[in-house]
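Visitor: Please pick one part of this model and take a close look. Keep it brisk.

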Amino acid sequence: MSRAFTNRYLWLGLIAVVLLGLLSGLIAPNSRLVNGSTFNRAPHGYLGWYREMIDRDIKLERWQRSYRDLMDQATDQASQNRASGTAAQPQTLLQVWPQLIDPTWIWSETWVKDWLGADHRLIVLGAQRPATGAPFSTQQESPQGRVTIQTRRRQISLDNAHTLILGDDDGAVVWQETREAGSIIFATTPYLAANAYQADAGNYDFLAALVTETGGPIWVDEYLHGYREAEDIVEAVAKDWFTYLTRTPVLVAVLQIAVLMGVLILAQNQRLGTRSVLRARQVDNSQAYIQALAGVLHKAGGYHFVADMLAKAERQHLQKALGFGEATRVDEADLGQAWSQRTGRAISELEPPLKPPRFSTAKQDSRLKTWLEQLQQIRRRLGEG
């Protein structure tokens with residue numbers, strides 16, 4: 001497999017991973033966000049309570065669209081009721097927050113004001129209130145039976161704007177808070193009827209009584225937990241892209257498109273312009289033969305043969321370099337004298353080409369390498385002369 005082919009699939013794989021990550025981020029909520037969700041089977045989920053309500057024929061539905069759409073459907077329902085001459089019943093939205101939330105922030109939301117202004121009800125489980133000296137686990141008395149509460153948090157100050165629904169001497173656990181915009185029911189624990197309390201019938205009955213009090217449609221907020229209907233996902237993505245493009249300078253947008261096109265071109269292994277043809281690599285036959293022969297000699301352990309052949313060749317080269325030519329074999333003494341006159345070096349330095357090494361069974365490669373370096377040193381000395 002060629003390197004270009006491998007790089008192409010590497011780019012495609014990286015792009016696929018990024019797209020899958022983005023898609024997962026849009027569709028699948030994280031583990032912390034699903035706390036309190038009616039899709040969650042874990043102890044902090046509400047799947048058990050949701051199924052119990054369905055078994056009791058209590059009509060409630062999961063809401064997985066924006067709060068603007070929630071108001072639109074409530075308005076449409078009211079219009080249909082007026083057209084048919086039936087009385088419109090207030091709708092109830094149940095929110096189980098995955099983390100404690102400040103009640104003041106809830107009141108500041110525009111959609112909350114619109115929702116309450118239309119006489120609809122909002123129940124918020126998980127209101128952030130200060131911890132008190134109350135025991136962590138208590139049994140609270142209610143018309144539906146004993147309700148297990150496991151939190152020290154209480155709404156301490158209860159004035160004319162607060163109506164106690166469930167609580168003890170340390171304060172309110174569930175209360176109704178009324179302002180000009182309307183009323184909201186708050187609870188200090190988000191786990192009022194979680195799966196962990198399936199054995200506590202009072203918890204399920206108490207929350208069931210809260211959501212069915214008005215008799216109107218009941219919605220359980222799953223949009224809060226990151227769940228989205230397919231249409232809402234498409235609409236949100238399209239809106240975000242359109243808003244982004246309208247706020248982006250033209251030059252920056254063009255540069256971003258250019259970068260994106262570059263990534264796509266690399267991913268598809270395409271080129272801009274004429275496609276060039278790769279030429280076949282030229283093979284040096286002599287070099288290939290020498291490398292093949294060297295491999296055979298190395299595998300056969302022919303160190304002595306290689307040393308003898310190289311010693312003869314280097315001796316002839318030495319004779320020629322010192323002016324004796326290659327025709328006859330010159331005596332070693334004459335070679336040594338000419339060497340000393342030519343280089344000013346000791347005669348003993350000529351020992352490598354004149355006396356090739358003998359190889360033992362150990363360290364043959366390192367011995368041959370050292371001898372070759374000595375031959376190279378002699379050639380450098382001749383070049384200096």
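Guide: Asp69 lies in helix H3, residues 67–84. Helices (H or I, at least four residues) and strands (E, at least two) are DSSP runs, numbered from the N terminus. The model is predicted: local features need pLDDT of at least 70, side-chain atom pairs count only at pLDDT 80 or more, and totals for chains, interfaces and linings use all residues. Residues are numbered from 1 along each chain as its sequence is written, and side-chain values use heavy atoms, leaving out hydrogens and water.

Asp69 is buried, because its relative accessible area is 13%. Buried means under 20%, exposed over 50%, partly exposed in between, with a 1.4 Å probe and protein chains only. The Asp69 side chain makes a polar contact of 3.1 Å with the side chain of Arg65. Such a contact is a pair of N or O atoms within 3.5 Å; within protein, one must be able to donate a hydrogen and the other to accept it, and residues adjacent in sequence count only if both atoms are side-chain atoms.

Now the sheet. Seven strands form an open sheet with mixed pairing, in the order S1-S9-S2-S3-S8-S7-S6. Strands S1 (60–63) and S6 (162–168) are at the edges; each has a single partner strand, so one side of each lacks a neighbour in the sheet. Two strands pair if DSSP finds at least two bridges between them. S1 and S9 (residues 218–221) run parallel, joined by four bridges. Leu60 has Ile218 in S9 as its bridge partner.
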